[in-house]
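Biologist: I'm new to this one. Can you put it up and walk me through it?
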Amino acid sequence: MNIVIVTPEVTPFSKTGGLADVCGALGKELVKLGHRVKTFSPFYKCVKDEKFEAVDTGNRVEIHLGGKTFLAEIWRSGDHYFIGEESFFFRDAFYGDGEKDYKDNALRFTFFSKATLETLITFGEKVDIVHCHDWQTGLIPYYLKKEYKVNKVLRNAASVFTIHNLAYQGLFPRSIMETIDLPASLFNHHQLEFYDELSFIKGGLVFADILTTVSKKYSLEIQEAYMGCGLESVLQKRKGDLFGIINGVDYDDWNPETDKLIPATYSARDLRGKRRCKRSLKKYFKLSGHADLPVIGMVSRLDSQKGFEIIEAAENGLMKLPLQFVFLGSGSKKIQAYLEDLADRYPDKVALHIGYSEALAHLIEAGSDLYLMPSRYEPCGLNHFYSLKYGTIPIVRATGGLDDAIINYSSSRKSGNGFKFRAFSSSSLVKTIKRAIDLYSNDKESWEKLQKSVMLEDRSWEKSIKKYDKLYRKVIEKHPISKKCDQRD
Ligand code: ADP
Ligand code: GLC
């Protein structure tokens, strides 16, 4: 199949979260299955880094929007194509300045979406699947169904839209429709209108041939009011086309046996390297105290999604326990201020690095004993998978992909692969952390057994990629336009 992945971020070129890891791995895995894959993302400043060897293809496409003409430069590195327009994408961040989104995001990502489709047309090679990710690409399924439905290159293309996070919807004032040339007739609640605003994500949810999301549990949760972010009825209507496929891990990047970013490698057969990683972690973060004190790590966007609220509410209980925390993250200034204050008040217990660091993320995964994800909601999550591989036992709240993947440890049966709690509350959090450190401190033998068994779990892409492959075939078969056009050809 000729598959096109369209995403606002992709590893190794651009990343703010798991979406980038997933799109990077998806492309690689589909190629392994024998498909031809092109991945499109914006040409951000960071992509220009020499190490990526991106070259200007010399191709240019003109995009007309709201009476203005914009020129897209097409850059390339291997199977990756980048849509360039300096005034749109050469900024300090991808989406906004941390507190506020960029004002012209609707225009930026409409431009990106249109330029991607126009570039495919200039290539002239028929496309089978256009796989779009998150709201930034939400208009593409609409364009394919309406504006490009008779285009020779694109008319066969079935669209797949993956929801990585339903809370981010791309909502804009109605007036923006003129600036991006969307017909006013689309502004109704069956199509792109959402409580009197224009919704990009609805473009994907309404017009894509198939919808997917990143875990089975989240695919069910988002059909309910408590997690549907106001879109639950749209999703219920499409439940026959909505599939939950759990993310995998790219073990080329996340494997303690080969990881170049950690001070010592290790495996389930020999955990000595992990102990060295813990020493380096504590040294880096200037955490003194006995080597045997459990260290709990967390690498995360600082966002209310990730459950910092219950950490704050649990502070008194947590700070009494014999443990240490290491946090790495960036995002909300309010959460940052809280964590900085916590680290100031408990310098022997809490260490913190504000910022984004691939190397520290690996060191924390390898050097911690436990890994905390108390998320309010979590479509899939990736760090609990990395943690399993690194023998770092996850403590998670039972939501989305965390609930699907983690089985609560039972000390009587000595089974499970982590510690899990259901209520989003400080008391559940404290209780669960107590259970975890109790096993860690008082039953070394069971602890090591647990570590070794979780390290052997296979969370690679192998199974999930086959599910995408099957879905692509199914949607191509069903695609009504492609059948009609093929008969005409
Ligand atoms: P989300 O996409 O909601 O942020 P995921 O768990 O799917 O959550 O993925 C987060 C990814 O981003 C992981 O690969 C994690 O290691 C990485 N990450 C998050 N914050 C940082 C940071 N400050 N530094 C380095 N990596 C980070
Ligand atoms: C989103 C979700 C996260 C998921 C990631 C990749 O950012 O918040 O749970 O793992 O996308 O699918």
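Modeller: One term to begin: a polar contact is a pair of N or O atoms within 3.5 Å; within protein, one must be able to donate a hydrogen and the other to accept it, and residues adjacent in sequence count only if both atoms are side-chain atoms. Also, this is a predicted model, where local features need pLDDT of at least 70, side-chain atom pairs count only at pLDDT 80 or more, and totals for chains, interfaces and linings use all residues. Residues are numbered from 1 along each chain as written, chains are lettered from A and ligands numbered from 1 in written order, and side-chain values use heavy atoms, without hydrogens or water.

Biologist: Ligand 2, then. How far is its oxygen atom from the side chain of Gln305?
Modeller: An N or O atom in the Gln305 side chain is 3.0 Å from an oxygen atom of ligand 2. A polar side-chain atom of Asn247 lies 2.9 Å from a ligand 2 oxygen. For Gly381, a polar backbone atom is 2.7 Å from an oxygen of ligand 2.

Biologist: How much of the accessible area of ligand 2 does the protein cover?
Modeller: On its own ligand 2 has 310 Å² of accessible area, and the protein covers 93% of that. Such areas come from the Shrake-Rupley method with a 1.4 Å probe; for residues, only the protein chains shown count as cover.

Biologist: Which residues come nearest to ligand 2?
Modeller: His164, Asn247, Glu378, Cys380 and Gly381, out of 13 around ligand 2. A residue is near a molecule or strand if one of its heavy atoms lies within 4 Å of it. The shell around ligand 2 has five nonpolar, six polar and two charged residues. Ala, Val, Leu, Ile, Met, Phe, Trp, Tyr, Cys and Pro count as nonpolar, Asp, Glu, Lys and Arg as charged, and the others, Gly among them, as polar.

Biologist: Which element gives the largest share of that ligand 2 shell?
Modeller: H1, with three residues. Helices (H or I, at least four residues) and strands (E, at least two) are DSSP runs, numbered from the N terminus.

Biologist: And ligand 1, which residues come nearest there?
Modeller: Lys15, Gly18, Arg301, Lys306 and Gly355, of 20 around ligand 1. A polar side-chain atom of Arg301 lies 2.7 Å from a ligand 1 oxygen. A backbone N or O atom of Ser357 lies 3.0 Å from a nitrogen atom of ligand 1. Alone, ligand 1 exposes 570 Å², and the protein buries 93% of that.

Biologist: What supplies the shell around ligand 1?
Modeller: H1, strand E13 (295–302), strand E14 (324–331) and helix H14 (383–389) each supply at least two residues. E13 has the largest share, three residues.

Biologist: What does H1 pack on at about 75°?
Modeller: Helix H18 (residues 462–478); H1 covers residues 18–32, and the axes are 10 Å apart. Axes are lines fitted to C-alpha atoms, for helices over the stretch in contact, and angles run from 0 to 180 degrees between N-to-C directions.

Biologist: Which residues of H1 and H18 meet?
Modeller: Leu26, Glu29 and Leu30 in H1 meet Ile465, Tyr468 and Tyr472 in H18. Contact means heavy atoms within 4.5 Å. That set has five nonpolar residues, no polar and one charged.
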